[in-house]
Amino acid sequence: MKLRHQSKVLSYLIAAFVFGSISPLSWSQEASSVPEDVRMGELKDLNGYFPMNLPETLTEWEKRSEDLRRQLKVFLGLWPMPEKSPMNPVIHGRIDMGDYTVEKVYFESFPGFYVTGNLYRPTNSSIGKRPGILCPHGHWENGRFMDAGEESAARSIEQGAEAMEPGARSVLQARCVQLARMGAVVFHYDMIGYADSLQIGYGIAHRFSQQRPELNHPDRWGMFSPQAESKLQNIMGLQTWNSIRALDFIESLPDVDPKRIGVTGASGGGTQTFILSAIDPRPQVAFPAVMVSTAMQGGCVCENASGIRVGAGNVDIAALIAPRPLGLTAANDWTVEMETKGFPELRALYGMHHCEDKVHLTARTEFGHNYNLVSR
């Protein structure tokens, strides 16, 4: 503490003397009244408090949103946007489930780097072009292949979180099936390191904890090295780029209406939902479940990039979709206080846009972290 105080005093005195506000003779008198320096305060990490600083006018918000959107793009390594190369999509392995079909998909987001997933489509083809829904998943084991098992499914049914065993065991796939049965074309795609996305492993993309000296050279480096960080190359940016290309893919499908695109995911998939919708105008509705809050901002390296939350939090970022419709859920997790911390500011912002009815929060805090049947 003594060293910290001395550093504060020295910084103040040097600046004051250089700019002529005090003379050396008055140092002793001025040192006792050094103003607080925010740089000497406690560091804010992802578990800090991130309240939304609600602007007083819509004009102020428009300026603020423009700055914040650019800030996100810069620190995700997406400013300017990379050139979009041919995706060369492959759709194969169609399975007919009666009222919907499932197909396998892969395409290139960058030359030689693949996005993988499943495409769910309604079988009724008489309606014409349909809404398209992107479904990024969160940090559930095996991603889109998740199977919670019999015991966990039974508990979910007993708690009222689920109604039937198939949905209780495969909650991520159940969401896609339900949306397809409702008439949407759904692309359920892998986060980096999950299921079929194996080019960068799970341990690197989501649990990076040990440096790799062999990938930390001026002419040869990997993610999380000083060289990559200084060039704004990060897993969150790559994953967000995959989501942008997933948007390109789904809107290119002949049976999808590109003017009716939505995005929804929970947890880390919720992070991808609001990040994508913040920086890309194409999603017309977003539903990030159990993620947006003023508390914990994302517990994985795939949800954090240097600089993206300087002066902002997840509530501010989610607000960038306004006035497009935004839906949220809260549970007994870090979103538990969303009804009183975060959502009132979002509702006030939508009120400035004269569309308060386009933002909605369902708080079911009797359930833990989830995207269960009640939320679906």
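Q: How many strands form the open sheet, and in which order do they lie?
A: Strands of a sheet pair through backbone hydrogen bonds, either parallel or antiparallel. Here nine strands build an open sheet with mixed pairing, in the order S1-S2-S3-S5-S4-S8-S9-S10-S11. Its edge strands, each pairing on one side only, are S1 (90-96) and S11 (359-363). On average, neighbouring strands are turned by 20 degrees against each other, direction ignored. Two strands count as paired if DSSP finds at least two bridges between them. Helices (H or I, at least four residues) and strands (E, at least two) are DSSP runs, numbered from the N terminus.

Q: What should I know about the model and its numbering?
A: This is a predicted model in which local features need pLDDT of at least 70 and side-chain atom pairs count only at pLDDT 80 or more, while totals for chains, interfaces and linings use all residues. Residues are numbered from 1 along each chain as its sequence is written, and side-chain values use heavy atoms, with hydrogens and water left out.

Q: Which way do S1 and S2 pair, parallel or antiparallel?
A: S1 and S2 (residues 100-110) are antiparallel, with five bridges. To find the pairing on screen, look for Asp96, which stands opposite Thr101 in S2.

Q: Which helix packs on the sheet and touches S1 and S2?
A: That is H9 (residues 235-252), which also touches S3 (113-122), S4 (130-136), S5 (185-189) and S8 (256-266). Contact means heavy atoms within 4.5 Å. The direction of H9 makes about 125 degrees with that of S2. Axes are lines fitted to C-alpha atoms, for helices over the stretch in contact, and angles run from 0 to 180 degrees between N-to-C directions.

Q: What handedness does the crossover from S8 to S9 have?
A: A crossover is right-handed if, with the strands pointing away from the viewer, the path from the first strand over the helix to the second runs clockwise. The chain leaves S8, passes through H10 (residues 268-279) and reaches S9 in a right-handed β-α-β crossover. S8 and S9 (residues 285-289) run parallel and are joined by five bridges; Thr264 stands opposite Phe287 in S9. A right-handed β-α-β unit is also made by S9, H11 (residues 314-319) and S10. S9 and S10 pair in the parallel sense over two bridges, and Ala286 has Leu326 in S10 as its bridge partner.

Q: Which residues touch the most other members of the largest nonpolar core?
A: In soluble globular proteins, nonpolar side chains tend to be buried together. A nonpolar core is a set of buried Ala, Val, Leu, Ile, Met, Phe, Trp, Tyr and Cys residues joined through side-chain atoms within 4.5 Å. Buried means under 20% relative accessible area, exposed over 50%, partly exposed in between (1.4 Å probe, protein chains only). Among the 58 residues of the largest core, those with the most contacts to other members are Leu134, Phe187, Leu326, Met338 and Leu346. H9 gives the most to this core, with seven residues. Beyond neighbours within four places in sequence, the contacts of Leu326 include Ala286, Pro288, Leu346 and Tyr350.

Q: Which residues of H12 are buried?
A: An α-helix has 3.6 residues a turn, so residues three or four places apart point the same way. In H12, the buried residues are Phe343, Leu346, Leu349, Tyr350 and Met352, and they pack against H3 (58-75), H11, S10 and S11. H12 (residues 343-352) lies across S10 (326-330) and S11, at about 160 degrees to S11. Just after H12, His354 has a positive phi of about 60 degrees.
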